[in-house]
Amino acid sequence: MAEGIDPEIARPAFAGAQPLETVQRFSTAQPEFVTPIWDYLAFLVDDQRVADGQRMFDQYAATLAAIEERFGVDRHVVVAIWGVESDYGNERGNHFLPHALATLVCAGTRRQDFWQGELMAALRLVDQGDLELNELYGSWAGAFGQTQFIPSTYARLAIDFDGDQRRDLVRSIPDALASTANYLSRAGWRTGEPWLIEVKVPRGYRGPSGRENKASLSTWATRGVRRADGAEIGGERRAGLLLPAGAAGPAFLTFANFDAIYSYNHAESYALAISHLADRIAGYPALRTPWPTDDPGLSRAERRRLQERLVASGYDIGEVDGKIGPKTRAAIRAAEQDLGLEVTGRAGKRILNSLGG
Ligand code: CA
C-alpha cells in the first residue's frame, strides 16, 4: 500500500494468506533425474498437441494473420508457444499468485528481491485495471495466463490487441498471442527468416557445434552438413549446429529466430520443442533421425495408457492422469523388478511395451 496499491486490492490479496506448502516444496525440489531430451520432446510435441495446434491455427486464423502483419513474427511459432506454455490455455496453473509469491518472498531463502518485484508487479496489474484479483492464478513461480508470462514481463510487454483497453493475457486469446509476438519481436525476431532445419552430419562428426558457434550455410556444407531430406544447403545465412544427443542423434541448424525463441525460457530443449512444434503445426513431418536410445519417450496418450496398464497389472499409481509423479515412478520400478527389467523408474516405451503396449 505504501507503493500506491489500492487497499481495496491489497487487503483481499492477502486475506487469510498462509505460506503455501506446495510452493515451498517446488522451489526447493531437486529433480529426481535429468529428463532426457527425447522424453521432453515426446511429451511436448505429441500428435495431440500438433492436432490441437492446427485446430487453434484455423480457429484464430484472422487474429493470427493480423498479429503477423503487425509484429512480423511467424504465426506457427506464436501458436506453438501457446501450446507448450499452457496447452492452448488448458494448463495455466492453480496457485493464487499473491500467496505463492508472498511465500517465496517471506518463507523462501533466495532471490527475495526478485520475488518481491514480481509480487508488486502482479498487484499493479490489478491496480491499473488490466486484470481482476481473482484472475491471478498460475504456476508456483508466478508465470500465468495463456502464455505464462511472469508479472514483470507482463507489465513490460503485454499488448491489448482486442481493443478493450485492458491487457488481458488470462481471458483474451488475441491479447495473449499478440503479446507473445511482441515478446519475440523485441527479442530480435527477423521477419521471413527460418528458425530451425533438421540436418544430417557426417558419421562420427567431431567438428564445431553449439547454438552460438555460428557459421554460414555454405561453411556448414563444406563440413559435410546436409538437410535431413538429403538436399544441399548453401548461402551466407548464419546458423549454429545443435546436437542435443550427440552426433549420433538428430541434428539441427538453428538461426537467429531460434535464439529469439530461446530467450523466452533460456533453454535449448525448450526452443527446440517450440521450433519443432511450429514446424509440425505447419504440416512438416516428425524428425527423420531417431534419438539414440532403445527406450524412447512417451506422448501424453501413451503416458495415460502406461498408467492404465500398471493399474490393470495391480500396481497402485493413484489417479490415471497422464502425469508421471512419484507414485507412478514407484509403480514402474516395482513393475520393472517383477518383469526382470533394469530398474529405472522411467516412463518410456520399454516398460509400456513390456506391459502390453
Ligand atoms: Ca484486451
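Mentor: Helix H4 passes helix H6 in a right-handed crossing, that is, with the near helix turned clockwise from the far one by less than a right angle. The model is predicted, so local features need pLDDT of at least 70 and side-chain atom pairs pLDDT 80 or more, while totals for chains, interfaces and linings use all residues. Residues are numbered from 1 along each chain as its sequence is written, and side-chain values use heavy atoms, without hydrogens and water.

Trainee: At roughly what angle do the axes of H4 and H6 cross?

Mentor: Axes are lines fitted to C-alpha atoms over the stretch in contact, with angles from 0 to 180 degrees between N-to-C directions; helices are DSSP runs of H or I, at least four residues, and strands are E runs of at least two. H4 (residues 47–59) and H6 (residues 75–86) have axes that come within 10 Å and cross at roughly 125°. The two helices are therefore oblique to each other; under 35 degrees counts as roughly parallel, over 145 as roughly antiparallel, 65 to 115 as roughly perpendicular and the rest as oblique.

Trainee: Which residues of H4 and H6 meet?

Mentor: Contact means heavy atoms within 4.5 Å. From H4, Arg49, Gly53, Met56 and Phe57 meet Arg75, His76, Val79, Trp82, Gly83 and Val84 of H6. These residues divide into five nonpolar, three polar and two charged.

Trainee: How do H5 and H10 cross?

Mentor: The axes of H5 (residues 61–71) and H10 (residues 173–186) come within 10 Å and cross at roughly 25°. That makes H5 roughly parallel to H10. Thr63, Leu64, Ile67 and Phe71 in H5 meet H10 residues, including Pro174, Leu177 and Ala178.

Conventions
Ala, Val, Leu, Ile, Met, Phe, Trp, Tyr, Cys and Pro count as nonpolar, Asp, Glu, Lys and Arg as charged, and the others, Gly among them, as polar.
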